[in-house]
Amino acid sequence: RTEFALKEIMSSGGAEDDIPQAERKTVTDFCYLLDKSKQLFNGLRDLPQYGQKQWQSYFGRTFDVYTKLWKFQQQHRQVLDNRYGLKRWQIGEIASKIGQLYYHYYLRTSETSYLNEAFSFYSAIRQRSYYSQVNKEDRPELVVKKLRYYARFIVVCLLLNKMDVVKDLVKELSDEIEDYTHRFNTEDQVEWNLVLQEVAAFIEADPVMVLNDDNTIVITSNRLSETGAPLLEQGMIVGQLALADALIIGNCNNQVKFSELTIDMFRMLQALEREPMNLASQMNKPGMQEATEKPARRENPHKYLLYKPTFSQLYTFLAASFKELPANSVLLIYLSATGVFPSGRSDSEGPYDFGGVLTNSNRDIINGDAIHKRNQSYKEMHCLHPGDLYPFTRKPLFIIVDSSNSVAYKNFTNLFGQPLVCLLSPTAYPKALQDQSQRGSLFTIFLNNPLMAFLFVSGLSSMRRGLWEKCQDYLRKINRDIAQLLTHSRSIDQSFLQFFGDEFLRLLLTRFIFCSATMRMHKIFRETRNYPESYPQLPRDETVENPHLQKHILELASILDVRNVFLENTLDDY
């Protein structure tokens with residue numbers, strides 16, 4: 001490729017002798033770096049997606065080459081313009097690849113600061129209009145590069161909660177798609193319009209808007225902040241386990257999604273991350289941090305995001321996480337998936353007799369399905385049964401199931417005596433509650449943004465910023481009190497306390513109890529299946545039905561003027 005590029009340059013730039021040796025070397029070096037960078041970038045696809053160490057040196061080499069390439073084109077721009085014919089969209093392509101590298105580094109490490117780096121490269125492309133000339137060239141594949149850049153930029157902005165930028169990008173992308181389909185009459189018009197519809201639905205998924213005084217929307221972040229998790233009191237006896245790894249699995253039919261993230265997955269991944277810091281001052285590229293510059297705070301737990309995995313994919317990632325889990329660490333499994341119910345009646349009550357949640361079926365298993373349907377005594381094949389998770393309870397395991405058949409996981413058995421907790425969503429919501437399921441599960445909203453969920457069940461769809469902040473302060477107080485209830489309880493299962501030393505798990509547990517207490521007090525949540533459950537069971541009178549906590553919930557309802565939605569004398573109703 002380098003030779004071909006050089007011949008092209010010589011033929012367009014006059015006789016070979018006219019080109020100074022130094023300039024010819026500049027073009028040769030640039031072509032070499034460009035080839036090498038493409039080769040390394042394409043090789044990233046072949047790296048295994050699971051396992052945390054194998055990929056790091058390869059990523060490091062790829063970053064090195066792209067760093068050199070980026071600096072090289074900056075230093076020799078004039079020569080490359082004159083002798084190579086470097087176009088602005090080609091510079092944009094290099095910047096876009098660096099943005100993609102940072103984004104993939106975030107996916108591999110769960111370090112949110114890399115999202116900021118991806119954002120800065122993607123922003124530069126837009127601010128400097130690197131792709132602006134693409135539309136003048138009669139090459140549809142170049143326009144597709146530009147459209148893909150927009151889609152990637154939108155994903156990064158969504159993850160950073162930069163909703164104002166997202167809205168601008170969506171408008172620009174819409175115009176670009178219209179221009180593209182008008183000029184080239186292509187077959188992928190439907191796919192690109194679907195991308196627009198998906199992102200529009202994603203932006204509007206939150207059931208409640210927080211408004212400034214001028215009616216602009218306040219962007220709220222749901223990542224863990226300094227004041228997020230309730231602090232442990234001195235003398236509280238809790239475990240020293242740390243959340244190290246999480247599998248976030250999304251397999252709900254008809255749920256809003258963008259890229260390969262359902263809205264439930266998106267909300268849960270933010271609940272397992274800290275607010276991003278700006279990396280620019282700390283390091284030049286991933287993995288190059290000086291020993292003296294160690295971050296003051298603990299890292300985010302590592303995450304695998306699995307969108308509609310098959311059983312074998314899910315099990316492979318689960319086994320990789322389990323294998324690499326450090327000592328004194330916890331593996332979290334979050335399942336947001338359609339319920340699979342047992343097809344036949346079973347006399348036994350084992351870990352494969354209650355169904356579970358859906359795993360994706362590859363189309364090549366049609367024969368297996370046919371056999372399965374003929375014989376009612378077989379178990380559901382495309383389903384993650386509680387029994388499938390038993391081998392992994394050899395290490396501390398924290399499971400969250402958000403599904404219409406979450407209760408299948410209530411029949412768990414702790415075989416190995418390791419800390420084990422399952423938080424289970426309601427299996428049905430009251431008919432009177434506006435159906436929100438397409439825009440994400442109410443249970444997951446409680447775990448990600450409990451105040452928003454509380455407002456939604458109270459019938460509120462918007463709120464002023466001042467009142468929102470007042471309620472958030474009150475909710476922090478409620479969380480502190482729930483933490484005390486848990487640690488002071490005399491009959492609580494020790495598993496809960498063993499997980500309570502980790503900030504992320506502490507926050508999830510306190511939010512779970514707040515969710516459960518709120519639903520039990522709500523006038524329209526009257527059936528058992530409307531309430532969350534857990535394995536092991538929590539002592540109700542000391543936690544989800546504690547009078548002190550119920551009083552707090554009524555006070556929060558009073559601040560919002562929605563006390564009439566809740567039962568006043570709940571204890572008399574049981």
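Predicted model: local features only at pLDDT ≥ 70, side-chain atom pairs only at ≥ 80, totals over all residues.
Me: Which residue in β6 stands opposite A242?
Reply: Strand β2 covers residues 242–251. It also pairs with β6 (residues 329–337), in the parallel sense and over 9 bridges. Across from A242, the residue in β6 is S329.

Me: Which residue in β9 stands opposite L358?
Reply: Let's move to an open sheet of 3 strands, with the order β7-β8-β9 and antiparallel pairing. Its edge strands, pairing on one side only, are β7 (339–340) and β9 (383–384). Strand β8 (residues 356–358) pairs with β9 over 2 bridges, in the antiparallel sense. In β9, the residue opposite L358 is C383.

Me: Which element gives the most to the lining of the largest pocket?
Reply: The largest pocket holds about 1,500 Å³ of space. Of its 43 lining residues, the closest to its centre are Y103, H104, L107, S259 and E260. Elements giving two or more residues to this lining include α5 (88–109), α9 (189–203) and β5 (302–307). With 7 residues, the element that gives the most is α7.

Me: What volume does the largest cavity have?
Reply: Counting cavities of 30 Å³ or more gives 2. The largest cavity is lined by V155, L158, L159, F202, F258, S259, L261 and F266. The element that gives the most to this lining is α7, with 3 residues. The volume of the largest cavity is about 40 Å³.

Me: How many Å does helix α18 reach from its first C-alpha to its last?
Reply: Helix α18 spans residues 547–559, which is 13 residues. At 1.5 Å a residue, the expected reach is 18 Å. The model comes close to that, with a reach of 19 Å.

Me: Which residue caps the N-terminal end of α18?
Reply: One lies 2.8 Å from the backbone nitrogen of H548. After the helix, by the way, comes D561, whose phi is positive, near 60 degrees. The residue that caps the N-terminal end of α18 is N546.

Me: Which helices do the buried residues of α18 pack against?
Reply: The buried residues of α18 are L549, Q550, H552, I553, L554, L556 and A557. In an α-helix there are 3.6 residues a turn, so residues three or four places apart point the same way. The helices that the buried residues of α18 pack against are α14 (450–457), α15 (465–488) and α17 (503–521).

Me: How many strands does the protein chain have?
Reply: Contacts give one view of the whole chain: among those between residues at least 6 apart in sequence, 76% join residues at least 24 apart. Secondary structure gives another view, with 18 helices in the protein chain. The number of strands is 13.

Conventions. Residues numbered from 1 in each chain as written. Heavy atoms only, no water. Helix = DSSP H or I, 4+ residues; strand = E, 2+ residues; numbered from the N terminus. Expected span 1.5 Å × (residues − 1). Buried < 20%, exposed > 50% of the residue type's maximum accessible area, 1.4 Å probe, protein only. Contact = heavy atoms within 4.5 Å. Polar contact = N/O pair within 3.5 Å; in protein donor to acceptor, adjacent residues only side chain to side chain. Pairing = 2+ DSSP bridges. 1 Å grid on protein atoms, 1.4 Å probe; cavity = no way out; pocket = protein on both sides within 12 Å on 5 of 7 lines; lining within 4 Å. Points joined across faces, edges and corners; volume = space filled by probe spheres on them.
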